[in-house]
Amino acid sequence: MGILEKISEIEKEIARTQKNKATEYHLGLLKAKLAKYRAQLLEPSKSASSKGEGFDVMKSGDARVALIGFPSVGKSTFLSLMTSTASEAASYEFTTLTCIPGVIEYKGANIQLLDLPGIIEGAAQGKGRGRQVIAVARTADVVIMMLDATKGEVQRSLLEKELESVGIRLNKHKPNIYFKPRKGGGVSFNSTVTLTQCSEKLVQLILHEYKIFNAEVLFREDCSPDEFIDVIVGNRVYMPCLYVYNKIDQISMEEVDRLARKPNSVVISCGMKLNLDYLLEMLWEYLALTCIYTKKRGQRPDFTDAIILRKGASVEHVNCGFNTTYMPLPP
């Protein structure tokens with residue numbers, strides 16, 4: 001039985017197993033096995049790859065944004081509107097076959113926008129160019145998930161499932177669990193909060209599934225078995241995501257209002273160029289960039305050239321030969 005068949009069997013068993021106190025250990029082991037098989041599936045092939053055009057592009061600018069979605073939802077049109085890059089757009093699917101970069105110039109920052117080929121269902125298992133698309137998405141600072149507003153929530157749930165299965169966690173924070181393997185002494189388990197989803201026995205069973213028999217584990221929040229598995233695996237990516245619903249000119253105002261009120265969501269129309277300015281404002285907020293304007297001693301600040309800092313940075317990170325003054329961004 002191949003890896004895909006094993007993954008399918010485990011997913012079916014998880015789906016038909018009732019979730020209760022009696023089955024929590026069994027479900028925990030199944031999820032641990034599922035995570036292991038998915039990790040094996042994403043490992044690069046050891047065979048020599050054929051020569052060809054590279055898929056990823058060099059990271060540049062102050063931040064990187066990955067534009068993902070199903071075919072023919074408006075990604076290429078959006079790239080052409082937001083940047084000076086022309087990406088082929090047509091009414092048929094799969095017009096974009098490789099990664100096309102563009103640059104959004106906004107508030108003094110250069111934001112690299114990547115138009116990725118459309119994802120199809122089963123991308124995490126390698127269908128289409130799914131693995132390559134997902135690999136590039138893991139390098140981004142923010143994901144823009146482009147959705148067709150006329151197709152309801154089907155696209156969003158399918159894309160979230162594909163990204164979740166390869167370790168991309170959207171709009172989630174890293175679980176506050178301290179985990180450190182050690183050479184001996186067994187498993188030391190402690191928690192600073194009351195746990196309702198995990199127990200010491202379940203933690204030990206999951207660790208044994210990964211052949212870990214000596215480790216120090218400290219739960220600082222009430223996490224689920226899936227979150228604990230994420231900590232063990234250690235290659236999960238936690239990033240903000242903006243759900244962008246395109247083609248709102250083709251649905252009712254009531255539906256537009258409903259979509260706009262969903263968390264982390266923006267409604268736009270590339271065809272009629274509606275609400276694109278607000279999308280840029282939201283993207284800036286999600287990237288958490290800061291503008292620093294410099295000034296020479298005795299002179300006014302230079303508002304024509306900004307230094308862009310990432311979240312968590314300070315003025316001390318700016319290494320230049322003149323004084324720096326933090327100034328708010330001019331309106």
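To begin with, does Phe-179 count as buried or exposed, and at what relative accessibility? Please go on from there to the rings it is grouped with.

Reply: The model is a predicted one, and in it Phe-179 has a relative accessibility of 18%, which means that this residue counts as buried, since the cut-off for that word is under 20%. Phe-179 belongs to one aromatic cluster, which is formed together with Phe-189, Phe-219 and Phe-228.

The structure holds 4 aromatic pairs, and one of them joins Phe-179 to Phe-228 in an edge-to-face arrangement, with 6.4 Å from centre to centre and 90° between the planes. Because Phe-179 lies in strand β6 (residues 177-181) while Phe-228 lies in helix α7 (residues 225-233), this pair ties together parts that are 49 residues apart in sequence.

Phe-228 itself has a relative accessibility of 0% and therefore counts as buried. Phe-228 also pairs with Phe-219, and here the ring centres are 5.6 Å apart and the planes stand at 35°, so this pair is described as tilted.

Key: Residues are numbered from 1 along each chain as its sequence is written. This is a predicted model: local features need pLDDT of at least 70, side-chain atom pairs count only at pLDDT 80 or more; totals for chains, interfaces and linings use all residues. Side-chain values use heavy atoms; hydrogens and water are left out. Rings of Phe, Tyr and Trp (its six-membered ring) pair if their centres lie within 6.5 Å; planes under 30 degrees apart count as stacked, over 60 as edge-to-face and the rest as tilted. Helices (H or I, at least four residues) and strands (E, at least two) are DSSP runs, numbered from the N terminus. Buried means under 20% relative accessible area, exposed over 50%, partly exposed in between (1.4 Å probe, protein chains only).
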